[in-house]
Amino acid sequence: MKFCRLWGIRGRRRFAAVGLIVMLVLCGGCGLLQEEPEIREDLVKKSQNQTKQLSYETAVVKQGDLNIYTALSCTAKCSEEQSLKFGKSGLNYGTVYVSVGDKVKKGQVLAELDMSGVEDVLSSAKREHLLKELEVADYGVQIADMRKIGNLSGMSSGELKDSIRQLETSRTASQSEARLAKAEYEEALQEKKNRQIIAPQNGIVTYIFNPESVKTNNGETVKSNRELEFMRISKGNYHFECITSDYENYPVGTEVTMTIENQKYKMKISAVEKAGKTGTEQEQKAVMKFEFLDEAYDLSANTLGFITSNEELKNVLYIPKDAVVSLQGETYVYLLDEDGMRTAQKVETGKSDGTNIEICSGLSVGQDVILK
């Protein structure tokens, strides 16, 4: 009887749980509980309505004349500069044979340290080396002659061999002395080279250290230091560089006239590389490189050059420069479609007056473009 009562209580509880589950399922089918897909659709519709409500500042594509005036200030640079140093420390500076801006040839002596005694040691070592080389050569001739006329000399075979052996021994000793003399000569020659700066290539001198500009604590002129850069030469000709936001008006290959120290030079743009923006800069800038069409070696580094131009573009399409976006080498503007959604449009741009920019293709008069 007790068992039956327990089973009856537990059975009623199980029946109630099953009934609750059935009611939840039926309620879901009757719409009392919202289905998950319907919630997501409502959120999507709400998001789309919010997007449509966004407003943009726009500008109209216009057609007319643009006056393009640019003024660039450029600085002379040198290509492939090479740093040159003396190979000896602790010596007095001697003579500098060139000046900044001089054109030099490979192998030319450009500067020297104090050469006291160096030439005497070098000359003596060279003479000793030559004498030993001649002595070795003379023994070689004697040995060859002895072998040719040995039978006619009246000496026995044993005497002939002994004589040749003595000559060979002497020649061997002279060869050792000649090698030593050569080493001493090469050491003296290296000492001279360490005290010289010799041009490793054709080029232009772009920098020379001035020892008089640096004094020791005792007021004396500093001594040489093999770690100190003493001179620089450039392998190529001078070129000019400038950083500007007007780089779009000057594509690579454009020929321009630059005024340098009241002289006019024909130049060509050889490279345009975009520069990174700083935290305060809003406009994109680029480093432009100008090459001379003719050689111009009579300049010095950091010389200033100026380019000015005034060009009027007639009856062209243009929009505010701020509406243009550059992405991965392509140029775009943003338009509004029929649903009021923003969409990208690829365009081809031309020159800019700093405020407006020429549109060569991709847009029509009267279209609205979105400003940044």
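**A helix pair and its strands**

Helices H3 and H4 pack at an angle of about 160°, and their axes lie 8 Å apart. That makes H3 roughly antiparallel to H4, a term for angles over 145 degrees. Axes here are lines fitted to C-alpha atoms, for helices over the stretch in contact, and angles run from 0 to 180 degrees between N-to-C directions. The crossing of H3 past H4 is left-handed: the near helix is turned anticlockwise from the far one by less than a right angle.

This is a predicted model, in which local features need pLDDT of at least 70 and side-chain atom pairs count only at pLDDT 80 or more, while totals for chains, interfaces and linings use all residues. Residues are numbered from 1 along each chain as its sequence is written, and side-chain values use heavy atoms, with hydrogens and water left out.

Start with H3. This helix covers residues 118-149. Helices (H or I, at least four residues) and strands (E, at least two) are DSSP runs, numbered from the N terminus. At 1.5 Å a residue, the 32 residues of H3 should span 46 Å. The expected span is 1.5 Å times one less than the number of residues. The end C-alpha atoms of H3 are 47 Å apart, which agrees.

Which residues of H3 are buried? They are Val118, Leu122, Ala125, His129, Lys132, Val136, Ile143 and Met146. Buried means under 20% relative accessible area, exposed over 50%, and partly exposed in between (1.4 Å probe, protein chains only). An α-helix has 3.6 residues a turn, so residues three or four places apart point the same way. The buried residues of H3 pack against helix H4, residues 157-194.

Now look across at H4. Ser174 is found in this helix. Ser174 is buried, with a relative accessible area of 2%. What does Ser174 contact, leaving aside its neighbours within four places in sequence? The partners are Lys132, Glu135, Val136 and Tyr139. Contact means heavy atoms within 4.5 Å.

Next come the strands. An open sheet is formed by 3 strands in the order S4-S6-S7, with antiparallel pairing. Strand S4 (93-96) and strand S7 (196-198) stand at the edges. Each has a single partner strand, so one side of each is left without a neighbour in the sheet. Neighbouring strands of this sheet are turned by 15° against each other on average, direction ignored. Two strands pair if DSSP finds at least two bridges between them. Strand S6 (residues 109-113) and S7 pair in the antiparallel sense over 3 bridges. Glu112 has Gln196 of S7 as its bridge partner.

Other strands pair too. Strand S5 (residues 103-104) joins strand S8 (residues 203-208) in the antiparallel sense over 2 bridges. The bridge partner of Val104 in S8 is Gly203. S8 is also joined to strand S9 (residues 231-234) by 4 bridges, and these two run antiparallel. Here Tyr207 has Arg232 of S9 as its bridge partner.

Finish at a loop. Glu261 sits between strand S11 (255-260) and strand S12 (263-275). Phi of Glu261 is near 50°, a positive value in a residue other than glycine. Is Glu261 buried or exposed? At 54% relative accessibility, Glu261 counts as exposed. Asn262 lies in the loop between S11 and S12. Asn262 has a positive phi of about 70°, although it is not a glycine. At 75% relative accessibility, Asn262 counts as exposed.

Key. Parallel < 35°, antiparallel > 145°, perpendicular 65-115°, else oblique.
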